[in-house]
Amino acid sequence: MTSKFWTELSNDYDKLFDLKLGYDVIIYAGEEPNVKEIHAHSSILCIRSQYFRSAFSNEWAERKDGKFILRKPNVSGNLLNIILRFLYCGNIELKNLLCSDILKLLIAVDELNIQPLISYIQEFLIEHQAEFLYKNPTKILEIVYQHETFTDLWDFCLETICEEPLILFNSDKFIDLKAPLLELLLKRDDLNTDEIDIWDSLLKWCFAQLNMKDDLKKWSKDDITKIEDLLSRFIPLIKFYDIGPEDFFYKVYCYKDILPNDLIHDLLEYHVVPNMKFKSKVAPSRKSNSKLKLDSTLIETNFNSLFASWIDKKESTYYNKKKIPYEFNLLYRSSRDEFNAASFHRNCNKKGATIWIAKIQDSTQLIGGYNPLDWSGTGWKNTSDSFLFTFKDAKNLFNLKIGYVSDGSRAVYCNSNYGPSMGDLVCSDSNNWEYDYLFNGDYPNIGIPASFTVEEYEVFQVVKKQT
């Protein structure tokens with residue numbers, strides 16, 4: 001009875017908001033020419049929000065014909081409607097909103113200081129639309145950094161970027177990152193990438209800020225001074241002793257003119273003199289996250305969480321903040337183990353579930369698939385859990401498609417003369433593969449070409465971790 005009563009009460013307040021009976025508030029939301037007039041009731045808004053209690057006080061209030069007048073040019077009418085409906089009846093629906101609109105809604109809710117919604121929207125973004133971070137990590141970091149109440153989102157962004165730094169470093173917008181944010185990231189000891197990648201990214205960012213080319217021969221003394229000044233706050237954050245001798249010589253030592261003389265001397269001595277200990281004050285090495293990395297030449301970022309999420313049929317980044325329940329062990333690499341079906345089966349048969357990934361020649365496109373069974377025997381194998389996937393570029397994870405098997409009876413095809421064939425995807429003994437999804441329609445059309453040449457492919461054993 002109580003549940004039914006509260007449902008009816010909520011519905012009645014929802015109707016009140018729609019009908020506007022007895023309204024005494026007019027809110028003009030959005031900017032010209034898209035201003036929307038919204039009617040509401042001051043008594044309800046005041047009870048539900050400290051912001052509106054202040055807005056309707058004598059100091060803030062603008063009144064006309066007995067009604068309160070508010071102007072919110074920085075919030076669209078659609079988003080303000082969503083917020084007000086929540087204040088009236090406690091209901092909110094986010095599934096049909098674009099990620100960009102959900103972020104705008106979160107910013108508006110923060111301004112209006114509606115604490116329950118601040119927490120709820122952050123949780124929704126993390127659980128259901130975590131791909132937002134991949135699309136423009138620089139912009140997202142800037143937005144979240146500016147709002148102290150976005151603590152859950154801030155922790156998620158930092159954790160994800162530290163786990164997969166190339167999301168940020170390989171982004172086209174990385175050079176737009178503000179210096180304080182870059183400094184904050186470089187102070188982290190859990191950036192999960194090689195130190196030379198961090199150094200390369202820092203240089204790329206530095207030259208972009210100064211609108212200079214990476215051409216040492218053309219630098220003037222004034223140029224060198226500008227670079228030194230800009231890098232001075234970041235140099236102590238780079239773990240130079242963790243950079244190998246070859247990278248040090250070709251990628252660090254060549255910049256000796258912009259690095260402290262004592263640092264260059266000590267690094268040079270360390271790499272040249274046998275058994276030489278560190279001389280400069282050395283910060284501890286960053287924590288090793290090698291277990292999170294795939295032993296892959298095709299994938300630059302850590303796909304473990306993505307693959308695990310797909311295998312368990314969860315949202316694409318379900319395991320980003322959770323313990324990944326699988327390990328992915330390299331079984332086969334075509335360039336290492338010979339590109340033929342015999343080698344594939346020799347390395348992959350009787351190994352259980354596998355996930356494979358292939359790069360299409362003369363393209364950035366990658367394709368792959370998951371076989372939850374094995375590659376032994378001859379003929380079709382039945383499963384409802386297999387899938388194919390593709391993405392145009394390993395650096396842009398948001399631009400990906402996945403298709404689960406629709407006809408389980410033709411999910412996986414095993415034959416000693418074929419590679420990892422699945423449904424209408426025919427992986428011949430050579431590197432010329434074919435895919436005709438219209439032939440039987442075993443998997444949906446996700447953009448795999450009808451015929452293509454494979455430059456390289458890898459197969460990983462999927463091992464369930466012991467709990």
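1. Let's start with K313, which counts as partly exposed because its relative accessibility is 45% (buried means under 20% relative accessible area, exposed over 50%, partly exposed in between, with a 1.4 Å probe and protein chains only). K313 sits in the loop between α16 and β5; helices (H or I, at least four residues) and strands (E, at least two) are DSSP runs, numbered from the N terminus. Its phi is near 55 degrees, a positive value in a residue other than glycine.

2. A word on the source: this is a predicted model, in which local features need pLDDT of at least 70 and side-chain atom pairs count only at pLDDT 80 or more, while totals for chains, interfaces and linings use all residues. Residues are numbered from 1 along each chain as its sequence is written, and side-chain values use heavy atoms, with hydrogens and water left out.

3. Helix α16 (residues 304-311) has eight of its eight residues buried, among them F307, W310 and I311. Strand β5 (residues 326-333) is largely enclosed by the rest of the structure, because six of its eight residues are buried.

4. Strand β5 also has a partner to look at. It runs antiparallel to β14 (residues 451-464), and seven bridges join the two (strands pair if DSSP finds at least two bridges between them). In this pairing, F328 has V462 of β14 as its bridge partner.

5. Two more backbone details deserve a glance. Most residues other than glycine have a negative phi, and most peptide bonds are trans. E338, which is not a glycine, has a positive phi of about 80 degrees and lies in the loop between α17 (334-337) and α18 (341-348). The peptide bond from E32 to P33 is cis, with omega near 5 degrees, and P33 is in the loop between β1 and β2.

6. Those two strands belong to an open sheet of four, ordered β2-β1-β4-β3 with mixed pairing. The edges are β2 (36-40) and β3 (62-64); each has a single partner strand, so one side of each is left without a neighbour in the sheet. Neighbouring strands here are turned by 30 degrees against each other on average, direction ignored. Between β3 and β4 (residues 67-72), which run antiparallel, there are three bridges, and K64 has K67 in β4 as its bridge partner.

7. Helix α4 (residues 77-89) lies across β1 (25-29) and β2, running at about 10 degrees to β2. Axes are lines fitted to C-alpha atoms, for helices over the stretch in contact, and angles run from 0 to 180 degrees between N-to-C directions.

8. The axes of α12 (residues 195-209) and α14 (residues 245-252) come within 11 Å and cross at roughly 10 degrees. The two helices are therefore roughly parallel to each other (angles under 35 degrees). I196, W199 and D200 in α12 meet D247, K251 and V252 in α14, where contact means heavy atoms within 4.5 Å.

9. Please look at Q361 too, in the loop between β6 (354-360) and β7 (366-371). It is partly exposed, at 36% relative accessible area. Not counting residues up to four places away in sequence, Q361 touches N431, T453 and E455.

10. Finally, the domain assignment gives domain 1 (6-91), domain 2 (194-272) and domain 3 (298-464), with bounds from an automatic or database domain assignment. The C-alpha centres of domain 1 and domain 3 lie 52 Å apart.

Technical notes. Parallel < 35°, antiparallel > 145°, perpendicular 65-115°, else oblique.
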